[in-house]
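Dear colleague,

Please find below the structure that I am handing over to you. The findings follow directly after it.

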Amino acid sequence: HTRSFAWFARASEPMAESSSSSSTRQYTGDETKKTVLGDGITMKRMIDDAIIGVLLEDDSDFVEDVALSNFKLVVGFASVGASVVSHVYPAAFPKNWHVLLLCCLWYFIGSGILQLLLSFVELESIVLLRYKEKRDRRPYGLNVSTHFPRYQDVFTLGVTPLPSGSLGLVSAPKFKPEQPEEGEPLASDDHTQVHWSVAELFDERGVFYEDKCMDMARAFLRKYHSESDRLAGGSGEGKKVQ
């Protein structure tokens, strides 16, 4: 069974007054950040952007690990560069057929590499991070992923370790979202994942409560680091996230 995406039909109270809020802070939505309820792609993108904003704040312990992104850029430019070779080769068709064939093969190989990375390596990752300062018992970085199935209201945020950085993502632990069954509470004992109802983050008009989303993301990160340090035998002090 899955949760139906009918929450917006019965939403009548502003989410700032939601009893499920973890704090007493009153939130107001940003009218400029508004979407059509039911447009899951746009809603996920807005939540993802807010989470990334928290992770890359100036006082965060993280910076983005761009090594894999740079590799993809090199492969992409090299693939497109094959067309330049086919144009400048000093021979007309059909004398240059072997060059055209090699250029086409090179392009499809490069495109295939990028597609394989997207489909089997990156999966639902939204950002790859590395710690500014290496700490004992902590991995090199983190892979932050999100999951928001179509026509459902449960958004899942998950964190998995990156032992050897973004270039080692292929061998790093994979994000496996655990979607709650219908009627089950969203709270979970798993410190690597958190489930939110999007009804907590959007009001009945589709206005996004960005500040609330960012506070919820900070709370999850504190819990993740506190539990990870405890399980690793560390000090148990969570990462400072303000």
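R218 is found in helix α5, which covers residues 210-231; helices here are DSSP runs of H or I with at least four residues, strands are runs of E with at least two, and both are numbered from the N terminus. This is a predicted model, in which local features need pLDDT of at least 70 and side-chain atom pairs count only at pLDDT 80 or more, while totals for chains, interfaces and linings use all residues. Residues are numbered from 1 along each chain as its sequence is written, and side-chain values use heavy atoms, with hydrogens and water left out.

R218 counts as buried because its relative accessibility is 12%; buried means under 20% relative accessible area, exposed means over 50%, and partly exposed lies in between (1.4 Å probe, protein chains only). The side chain of R218 makes polar contacts with the side chains of E57, at 2.5 Å, and D215, at 2.8 Å. A polar contact is a pair of N or O atoms within 3.5 Å; within protein, one must be able to donate a hydrogen and the other to accept it, and residues adjacent in sequence count only if both atoms are side-chain atoms.

Salt bridges are the next topic. A salt bridge is a side-chain nitrogen of Lys or Arg within 4 Å of a carboxyl oxygen of Asp or Glu, and by this rule the count comes to 7. One of them joins D203 and R205, whose closest N and O atoms are 3.1 Å apart. D203 is buried, with a relative accessible area of 2%, whereas R205 is partly exposed at 41%. Salt bridges that share partners also join E57, D215 and R218 into one network.

In helix α2, K44 and D48 are 4 residues apart and therefore separated by about one helical turn. Their side chains meet in a salt bridge (2.8 Å, N to O), and both residues are buried. A further salt bridge links the side chains of E122 and K72 (3.0 Å, N to O). E122 lies in helix α4 and K72 in helix α3, so this pair ties together parts that are 50 residues apart in sequence. E122 is buried, with a relative accessible area of 15%, while K72 counts as partly exposed at 25%.

Helix α3 (residues 67-88) contains L68, V75, S79, A82 and S86 as buried residues. What covers the buried residues of α3 includes α4 and β3 (125-131).

Which residues form a nonpolar patch on the surface? They are F71, F93, W97, L101, L102, L105, I109, I113 and L167, with about 950 Å² of accessible area together. Patches are made of residues with over 30% relative accessible area and no salt bridge, with like charges joined within 9 Å and nonpolar side chains (Val, Leu, Ile, Met, Phe, Trp, Tyr) within 5 Å. Accessible areas come from the Shrake-Rupley method with a 1.4 Å probe, and for residues only the protein chains shown count as cover. Helix α4 (residues 97-122) gives the most to the patch, with 6 residues.

L167 lies in the loop between β5 (154-162) and β6 (193-197) and is exposed, with a relative accessible area of 55%. Not counting residues up to four places away in sequence, L167 touches A67, L68 and F71; contact means heavy atoms within 4.5 Å.

Yours sincerely

Technical notes
Expected span 1.5 Å × (residues − 1).
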